[in-house]
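This report describes selected packing features of one protein structure. Please consult the sequence and the model alongside the text.

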Amino acid sequence: MPLSDGNKIPDARPLVLHVVFRFDTGGLENGIVNLINAMPEQAYRHAVLALTTVSGFRDRVKRKDTQFVALNKPPGHGYKQYPAMWRQLRLLKPAVVHTRNLGPLEMQVVAAAAGGARRIHGEHGRDINDVDGSNLRHQVARRIYAPFVHRYVALSKDLQRYLVDKTGIAPSRIEQIYNGVDTSRFLPRAATDAGGAPDWPFNPRDHWVVGCVGRMQQVKSPTLLAKAFIQAVGLKPELRTRWRLVMVGDGPLRQEVQSLLNQAGVGAMAWLPGDRADVPALMPRMQCFVVPSLSEGISNTILEAMASGLPVVATDVGGNAELVQAGRTGELVPTQDVDALAHALLQMHANPERALAMGDEGRREVEYRFSLQAMVGAYQALYDR
């Protein structure tokens, strides 16, 4: 309740400040949303600081006590934002500063100078400039900032190995924490009866739907899926009446993907609705889920698809092989290999009972290994320490 001088009683809960380059639609940001929404309110308060912008994606955070700050950083090195970052740190007084990926890593310097907070850095995945972790400039940058970081979080064992082998971080400084998925929100078709999504354009009785969800940008390689779909239908023209393609997400390659499909004469067989807030209602309507990325950390969409009871075909990059067990919960294919992806889709369609069994096993796998509760518990324990 307000004090007589107009000030409010200070909130005794410690504050975690999540620092990102941009807070917009994406797997990294979705992980932060899940963490904030699911962590017990009595444990920690949260704030999100974006070096550039905060989009309407912030509305997915349900906790009303969460603060959002955008520094509107221009292109280039972020040293000009150091004073603004310093002021926010002095104002917010976080107990933990948690940066994520390379973009905001330099803000660990400011956090160290401001003092008072424990400093964590998370590695979530790689961008198009370093899909395999071989970029020496990125490795050197991480080494430079390493003395300012108290603790690292690697979302996959692949990223953990990268930090140790390429960046020289001591294994004792690294926690490996997988993303978690809300298994009460993402459910198989039988549990949801595929309700919602009134604008879904395909008939579940007549159509076999290949789907994906992700940003339409180069590192996610949506053109690979479009080309594989075109090739598979070309090899089996009889599939034109049955096969359909759904690609949810927006980005700079969306128009290129649509043009590829149109030029191949399969545009009417595809639905590219852009960003959607109802992904849990869309996934159970698919029969096969594809992740065609050039690079991944731990893919939220793979976990969501598995929770939705879908077999997954993913490129064998990053942490994908830690999620998809080939022949058991889906299949792995080489990256940028149109032939291999087209063949995997044809095999999935040709063996519907096996595909269903893979989906069932994937659901069991996320319940056992990748629950939201396990992820939240791991982060809360780390913050507590």
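Helices (H or I, at least four residues) and strands (E, at least two) are DSSP runs, numbered from the N terminus. The structure is a predicted model, in which local features need pLDDT of at least 70, side-chain atom pairs count only at pLDDT 80 or more, and totals for chains, interfaces and linings use all residues. Residues are numbered from 1 along each chain as its sequence is written, and side-chain values use heavy atoms, with hydrogens and water left out.

Glu41 is located in the loop between α1 (27-38) and β2 (45-50). With a relative accessible area of 48%, Glu41 is partly exposed; buried means under 20%, exposed over 50%, and partly exposed in between (1.4 Å probe, protein chains only).

When neighbours within four places in sequence are set aside, Glu41 is in contact (heavy atoms within 4.5 Å) with Arg13 and Arg63. Ala232 lies 191 residues from Glu41 along the chain, and the C-alpha atoms of these two residues are separated by 49 Å.

## Aromatic pairs

Rings of Phe, Tyr and Trp (its six-membered ring) pair if their centres lie within 6.5 Å; planes under 30 degrees apart count as stacked, over 60 as edge-to-face and the rest as tilted. A search of the whole structure finds 9 such pairs. One of them is the edge-to-face pair of Trp200 and Phe202, at 6.2 Å centre to centre and 85 degrees between the planes. Both of these residues, Trp200 and Phe202, are buried.

Trp208 and Trp243 form a tilted pair, with 5.0 Å centre to centre and 35 degrees between the planes. Because Trp208 lies in strand β8 (residues 208-213) and Trp243 in strand β9 (residues 243-248), the pair ties together parts that are 35 residues apart in sequence. Trp208 is buried, at 7% relative accessible area, and Trp243 is also buried, at 0%. Elsewhere, Phe23, Phe57 and Phe68 are linked into a cluster by ring pairs.

## Packing of α12 and α13

Helix α12 (residues 338-350) packs with helix α13 (residues 352-369) at an angle of about 100 degrees, their axes being 5 Å apart. The two helices are therefore roughly perpendicular, a term that covers 65 to 115 degrees. Axes are lines fitted to C-alpha atoms, for helices over the stretch in contact, and angles run from 0 to 180 degrees between N-to-C directions.

Met348, His349 and Ala350 of α12 meet Pro352, Ala355 and Met358 of α13.

Methods:
Parallel < 35°, antiparallel > 145°, perpendicular 65-115°, else oblique.
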